[in-house]
Amino acid sequence: MKTPAPLPLFRSRVVPVVVISDPAHAVPMAEALLAGGIDVIEITLRSGAALAAIEAVARALPAMQVGAGTVTRAAEVAQVLAAGARFALSPGATPALLDAVTAAGLPFVPGVATAGEAMVARDAGFTLLKCFPAAQLGGLGVLRAWGGPLPDLRFCPTGGVSVADLNAYLSLPNVAMVGGSWLTPQAAVQAGDWAQITRLAREATTAAAAVAAN
């Protein structure tokens, strides 16, 4: 039985979750994140520009580990691989999707909203899971609760996470990283205010480093 591929290596414990409407924004945005210490990005398949944006970042910035987000159908696996995505994430998981990413050798972070879904993903060989939507599910409370019966699983809470609660999330032993959209505000992207994105990235990187130091 084939096992899931491991994620590419990256340093950041904060994963920007990005919706890109103009592929021309992709590379300067990724450069701004790198300048702030973040070497991973989730470009979601929520716009028609997503695949072109993934391809642009993958080609231009080998130091940035670009992931495809909102992968919800097995047919999308080949598309994101062809675009150059180095891994993928989803708000959920289906047996067909888990089979497709495993067969293709695409590193994958499936989404879960219940302990039962987490157990299904674990049975398929996945031990890093996206807790989504984290805030609506109970945030820190639900992750603490899952830590008891599911001690071998780690999570990437996404949805409603902000720099204000970054420290609390990353301090949990079963949280590997967090995902968040606050790092790339739409207004800043549209205005080409890459300095603001670098500032937000540096703020998050500093906060995450402080957790690791404690």
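Visitor: Leaving aside its neighbours within four places in sequence, which residues is Ala-63 in contact with?

Guide: In this predicted model, Ala-63 belongs to the loop between H2 and S3, and with a relative accessible area of 53% it is exposed. Its C-alpha atom is separated by 6.6 Å from that of Asp-39, a residue 24 places away along the chain. Once neighbours within four places in sequence are set aside, the contacts of Ala-63 are Leu-34 and Asp-39.

Visitor: What is the order of the strands in the open sheet, and which are the edge strands?

Guide: The sheet is open, has 6 strands and shows parallel pairing, in the order S5-S4-S3-S2-S1-S9. Two of these strands pair on one side only, and these edge strands are S5 (108–109) and S9 (178–180).

Visitor: Which residue in S5 does Leu-89 stand opposite?

Guide: Strand S4, made of residues 87–89, pairs with S5 in the parallel sense over 2 bridges. Within this part of the structure, the residue of S5 that stands opposite Leu-89 is Val-109.

Visitor: Which strands does helix H2 touch as it packs on the sheet, and what angle does its direction make with that of S2?

Guide: Helix H2, which spans residues 50–60, packs on the sheet by touching strand S2 (40–44) and strand S3 (65–69). Compared by direction, H2 and S2 make an angle of about 160 degrees.

Visitor: How wide an arc do the buried residues of H2 cover around the axis?

Guide: The buried residues in H2 are Ala-50, Ala-53, Ile-54, Val-57 and Ala-58, and what covers them includes helix H1 (26–35), S2, S3 and H3. An α-helix has 3.6 residues a turn, so residues three or four places apart point the same way.

Visitor: Is Thr-44 buried or exposed?

Guide: Thr-44 has its place in strand S2. Beyond residues up to four places away in sequence, it touches Val-17, Val-18, Val-19, Ala-50, Gly-69 and Thr-70. Because its relative accessibility is 0%, Thr-44 counts as buried.

Visitor: Which residues does Glu-76 touch, not counting residues up to four places away in sequence?

Guide: Glu-76 lies in helix H3, which runs over residues 75–83, and with a relative accessible area of 12% it is buried. Not counting residues up to four places away in sequence, the residues touched by Glu-76 are Leu-45, Thr-70 and Val-71.

Visitor: How many residues apart in sequence are the parts that the pair of Phe-108 and Phe-126 ties together?

Guide: Phe-108 and Phe-126 form an edge-to-face aromatic pair, at 6.0 Å centre to centre and with 80 degrees between the planes, and both residues are buried. Phe-108 lies in strand S5, while Phe-126 lies in the loop between helix H5 (115–123) and strand S7 (128–131), so the parts tied together are separated in sequence by 18 residues.

Visitor: What kind of pair do the rings of Trp-146 and Phe-155 make?

Guide: Trp-146 is buried at 7% relative accessibility, and Phe-155 is likewise buried, with a relative accessible area of 0%. Their ring centres are 5.2 Å apart and their planes stand at 40 degrees, so the pair is tilted.

Visitor: Over the ring of which residue does the charged end of Lys-130 sit?

Guide: The charged end of Lys-130 sits 5.9 Å from the centre of a ring. The residue that carries this ring is Phe-132.

Methods: Residues are numbered from 1 along each chain as its sequence is written. This is a predicted model: local features need pLDDT of at least 70, side-chain atom pairs count only at pLDDT 80 or more; totals for chains, interfaces and linings use all residues. Side-chain values use heavy atoms; hydrogens and water are left out. Two strands pair if DSSP finds at least two bridges between them. Helices (H or I, at least four residues) and strands (E, at least two) are DSSP runs, numbered from the N terminus. Contact means heavy atoms within 4.5 Å. Axes are lines fitted to C-alpha atoms, for helices over the stretch in contact, and angles run from 0 to 180 degrees between N-to-C directions. Buried means under 20% relative accessible area, exposed over 50%, partly exposed in between (1.4 Å probe, protein chains only). Rings of Phe, Tyr and Trp (its six-membered ring) pair if their centres lie within 6.5 Å; planes under 30 degrees apart count as stacked, over 60 as edge-to-face and the rest as tilted. A charge sits over a ring if NZ of Lys or CZ of Arg is within 6 Å of the ring centre and within 35 degrees of the ring normal.
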